[in-house]
Amino acid sequence: MKAVRIHEHGGLEALRYEEIPEPICNDEKVKVQIKSASLNHLDIWIREGFPGMPLPLPLIMGSDGAGIISEVGKNVNDWKVGNEVVIQPNTFCGECDYCKNGKENYCKNYGIIGETENGVQSEFVVLNPINIYPKAKHLSFVDASSMQLVYLTSYQMLITRANLQPNETVLIYGATSGIGSAGIQIAKHLGTKVISTVGSDNKIEYAKQMGSDFVVNHSSENWSKQVKEIVGKKGVNVIFEHPGTATWENSMRLLAKGGRVVTCGATTGPIVKLDLRHLFMKQQTIIGSTMCDMKSFKQVMKHIENGDYKPFVDKVYPMSEIAEAHKRIEDREQIGKVVVSVE
Ligand SMILES: [Zn+2]
């Protein structure tokens, strides 16, 4: 079968579209014929490698996918050949105290499909039953494969961790990024007032379509002033952080009394300044968040099934053109999700 793998970390040249043996399904697992797989910024980081954090190589790429079950292990009861499924990308032991208490993403054996073990950018993948979930019937394979990772990340941030409320205001950086677009839709569905940022004016319309009430261009010098004009002295209740160094000081300046900054990334740098006096006087909270627990995952899937959260696919490439797909994300040309389909 064909698969997208890396044998070493590096630039676009590290991506190989190559022939490898089809995985064998054992009694406890299911085999899925992948129809479509989507890319996340995570794919770029994994390709480049994390300093001090070795990944198993060679590695099949991809954490998000959708397909059809082609084989079911003898001891698996809940699934049938022909079922249409999406990938649930969290992996965890299921037995530790964290897992037993519904905090699977705190598990010491926590991992992500496509990062700590082989991913789904291949014609077939063998998985534990916990790593598949029924595909929403109204969605195509392309649309269905594009939603899990971004929605579960943003949902965990805004709903599970920051406890966002309908009568609040949220600031979301990067409206055209996957987690940004998902974050806007999650907040909007809740009824929250949404301010989002974009890097160029041609992305403003898209940010509004996703559900932003206000959009500011963060490449203009006075963008934070524009946000202040929208929210007034009260400030922003919840800030959806992922840029890190470049936005942090403005985030803290814009944050309301009792406000929460929730962060899942550091794309412009991980080291930030903090004035503790403002933090305690304004009784603010800084929250870290990564991936999601299974309860949040199921809630996300219910919202997708109900049509509350919609797909936002930018472009679909054949899987053989994986390097082009990575390049589109690296060059920040994408507006929404980049997907590869299996021919
Ligand atoms: Zn565990």
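A residue is buried if 20 or more other C-beta atoms lie within 10 Å of its own, exposed if 12 or fewer, and partly exposed in between, with C-beta atoms placed from the backbone. Q283 counts as exposed, because it has 10 C-beta neighbours inside 10 Å. This is a predicted model: local features need pLDDT of at least 70, side-chain atom pairs count only at pLDDT 80 or more, and totals for chains, interfaces and linings use all residues. Residues are numbered from 1 along each chain as its sequence is written. Helices (H or I, at least four residues) and strands (E, at least two) are DSSP runs, numbered from the N terminus.

**Domains**

- The domain assignment of the protein chain gives domain 1 as 2-147 + 311-341 and domain 2 as 151-288. Such bounds come from an automatic or database assignment.
- The C-alpha centres of the two domains lie 28 Å apart.
- Six residues of domain 1 are in contact with seven of domain 2. Contact here means C-beta atoms, placed from the backbone, within 7 Å.
- On the side of domain 1 that touches domain 2, three residues are nonpolar, two polar and one charged. Ala, Val, Leu, Ile, Met, Phe, Trp, Tyr, Cys and Pro count as nonpolar, Asp, Glu, Lys and Arg as charged, and the others, Gly among them, as polar.

**Helix pair α4 and α10**

- Two packed helices are described by the angle between their axes and the distance between the axes.
- The axes of α4 (residues 148-161) and α10 (residues 294-305) come within 9 Å and cross at roughly 110 degrees. Axes are lines fitted to C-alpha atoms, for helices over the stretch in contact, and angles run from 0 to 180 degrees between N-to-C directions.
- That makes α4 roughly perpendicular to α10. The term covers 65 to 115 degrees; under 35 is roughly parallel, over 145 roughly antiparallel, and the rest oblique.
- From α4, the contact uses Y151, L152, Y155, Q156 and T160; from α10, it uses S296, F297, Q299, V300 and I304.
- The residues of this contact divide into six nonpolar, four polar and no charged.

**Helices with a buried face**

- In α8 (residues 245-254), the buried residues are T247, W248, S251, M252 and L254. They fall within an arc of 160 degrees seen down the axis of α8, so they line one face of the helix. The arc is that of the directions from the helix axis to the C-beta atoms.
- Cover for the buried residues of α8 includes β11 (169-172), α7 (223-231), β14 (236-241), β15 (255-263) and α9 (276-281).
- In α11 (residues 322-330), I322, A325 and H326 are buried. Their arc is within 100 degrees, so they too line one face of the helix.
- The buried residues of α11 pack against β1 (2-6), β2 (15-19), α1 (41-48), β17 (313-318) and β18 (337-341).

**Backbone features**

- Most residues other than glycine have a negative phi, and most peptide bonds are trans.
- N163 has a positive phi near 50 degrees. N163 sits in the loop between α4 and β11. N163 is partly exposed, with 13 other C-beta atoms within 10 Å.
- Q283 also has a positive phi near 50 degrees. Q283 is in the loop between α9 and β16 (285-288).
- The L57 to P58 peptide bond is cis, with omega near -5 degrees. P58 belongs to the loop between α1 and β4 (59-60).

Key. Two residues are in contact if their C-beta atoms, placed from the backbone, lie within 7 Å.
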